[in-house]
Amino acid sequence: SLFNANVVKLFSHYDTAPDLIHVEIHQRVLLQFSLMQPEYGMLIGWFSCPTRDCNNEWDKHWIADIYFMDKVHFENPHYSAFLNGTLLIKKVLPMYDERYFIMRVRTGTGDEPNIYHLKIVQERPVLTLVSQQNIYAFEGMDVFLEAQVKAYPYPRVSLSRVLESNESVIQEASNVSSQILMKIPSITNADSGDYVLYTENTVGNDTVTVRPTSNIDSQTRFKIRNFTVLEGGLYTCYAKNPFGHDTLTCNPVTTTAASGAEVTVQINQTILLACSASSNSENVEHIGWYRCRTADCESKWDNSRIARVERMREPFVDNTDFDIYVNGTLVIKRVKAVDDGKLFICKAKRNLTGVETSTTILKIAKGDVYMSEWTFIWMLEFGAILTPGKPGAILRFSFRIHQISIQKQGKEDLDFETAFNKVAPLIFSLTALLVIAVIIIIYLVVKIKKNKRHGYSHNHCCGFGVAEVTVKIHERRLLPCSESSDLENVEHIAWFRCSTADCELNWNKLRIAHVQNVEETIADNPNFDVFTNGTLLIRKVLPVDDGKITPKINTRESSGGSCH
């Protein structure tokens, strides 16, 4: 401590009465600095002593030195000190019971002490079970029982098994923390039953009962007899107990390790191919798997490689349809038609003896060969493309291609009749589409001619320009008809609301108001009105009107109109 031993005499008398503080075991305690008018940099010392005068061994019981609001110095990890002079006891331990915590403050007139006397409150133990009360375990497992206990003095804790005649103590220990962990080693079905956790100190005791049960074999096995490739597929194992259930799905597959062997598989099956060349992994430096049409594919090994293992530790996959284990076993995730008849070659390179090769031929089972066919789905798109003076139409054809799989018996060549039956639906479909196209063309031509008779052809409207008007939502707006300023010879004025300037195909549907012979006004939409001079009234601008082109048609006997 920074305090000189000469000031010990100041503490030889008992004028300063200690403050008695009652605390609980393992409690966190703050001891406050209590001087009324501290000065910056004032030296404060904290000590933990067995007596009020520390038996004149201040340095032995030193905890911390604090320069008020400047710096602190302490070394014991069980404590912490702050610039304002406060001392923190992080966890009250039994050794602090009846101990004096003394704060010495050096002032201009000498040292002033402040003494705290700690007293740990004694309490009976209380057990709180952390693990479940009913525990289900596999036979042969170690069962751990976890609980918490709070008490002082520290209690003793025991684990006993309840038998018909008496209790058999399995484990006993003195608890020095709040955590209790008891173990039942290698539990068997005969060990199932009630177990009692018992704790006791000089103040009282407490108990809690747990019921571990073991009637389940952790190694559950099911057998599929005489398993063949045709029985491959997904199998589900289902387990259930009073607390819930769980499932596990597996996909049993066949494996082969014989060089030159032929393996019969099903389409879409998952299969493992063992590399017999790597059955003895000693000195194996590299294992590579290749998929080839013939056994002789040295000229394109790199292009044919699908997976490899380096130094029996690092697997690499060159094709995502496959996987590989470090022992060299190849996983074909999903057998495809392209794999039929292919050679799967495994090459194992050894440090001393060179390269060893094993080959497996994949054959897809007869009667289950899947042949890919292409289905053409035609989509017909049509629209009218009109130019002034040259009405006409164009048809656009597009199609999507879908690949489907059908199941064929064998792979024999198809005769003419079979081939014709396969393409006949496509021929009939195309013929029907052509007929529909001709009908649509005729309809468009008739429609366009009809519109011309009514004065709504393209050259009577939007070829003369479009004016843009900016409005506010829900605004009331008048749109004048500029072409109707001279009403002489005007037979008909009509207003239309269109998404594009080219709307000849839907004139009747898109008309919102019109005037007949400059006398009769007709509103086709209640949100609009029209005056005899051709002016359009929009009662309330709606969001649907945003961006719309509103053609104003002014039909005369001899001239066209305009658009707005």
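## Confidence along the chain

Across residues 454–465 the pLDDT stays under 50, and for this stretch the model has 35 contacts beyond four places in sequence. The model is a predicted one, and its chain averages a pLDDT of 75, with 71% of the residues scoring at least 70. A further stretch, residues 4–14, has a pLDDT below 50, and beyond near neighbours in sequence this stretch has 15 contacts in the model.

## The annotated transmembrane region

The UniProt record, an unreviewed entry, places the feature "transmembrane region" at residues 426–446.

## Backbone geometry in the loops

Most peptide bonds are trans, and most residues other than glycine have a negative phi.

The peptide bond from Tyr-152 to Pro-153 is cis, with omega near 0°. Pro-153 belongs to the loop between β12 (143–152) and β13 (156–162).

Arg-311, although it is not a glycine, has a positive phi of about 55°, and its place is in the loop between β23 (305–310) and β24 (314–317). Is Arg-311 buried, partly exposed or exposed? Arg-311 counts as partly exposed because its relative accessibility is 43%, a value that falls between the limits of under 20% for buried and over 50% for exposed.

His-474 is likewise not a glycine and has a positive phi, here of about 65°. With a relative accessible area of 49%, His-474 is partly exposed, since exposed would require over 50%.

## A nonpolar patch on the surface

Which residues form a nonpolar patch on the surface? The patch is formed by Tyr-40, Met-69, Val-72, Phe-74 and Leu-83, which together have about 460 Å² of accessible area.

Met-69, one of the residues in this patch, is found in the loop between β4 (62–67) and β5 (71–74).

Key
Residues numbered from 1 in each chain as written. Predicted model: local features only at pLDDT ≥ 70, side-chain atom pairs only at ≥ 80, totals over all residues. Heavy atoms only, no water. pLDDT = per-residue confidence, 0-100. Contact = heavy atoms within 4.5 Å. Helix = DSSP H or I, 4+ residues; strand = E, 2+ residues; numbered from the N terminus. Buried < 20%, exposed > 50% of the residue type's maximum accessible area, 1.4 Å probe, protein only. Patch = residues over 30% accessible without salt bridge, like charges linked within 9 Å, V, L, I, M, F, W, Y side chains within 5 Å. Areas by Shrake-Rupley, 256 points an atom, 1.4 Å probe, with all protein chains shown as cover. Salt bridge = Lys/Arg side-chain N within 4 Å of Asp/Glu carboxyl O. UniProt positions renumbered as here; feature names shortened; annotations may be inferred.
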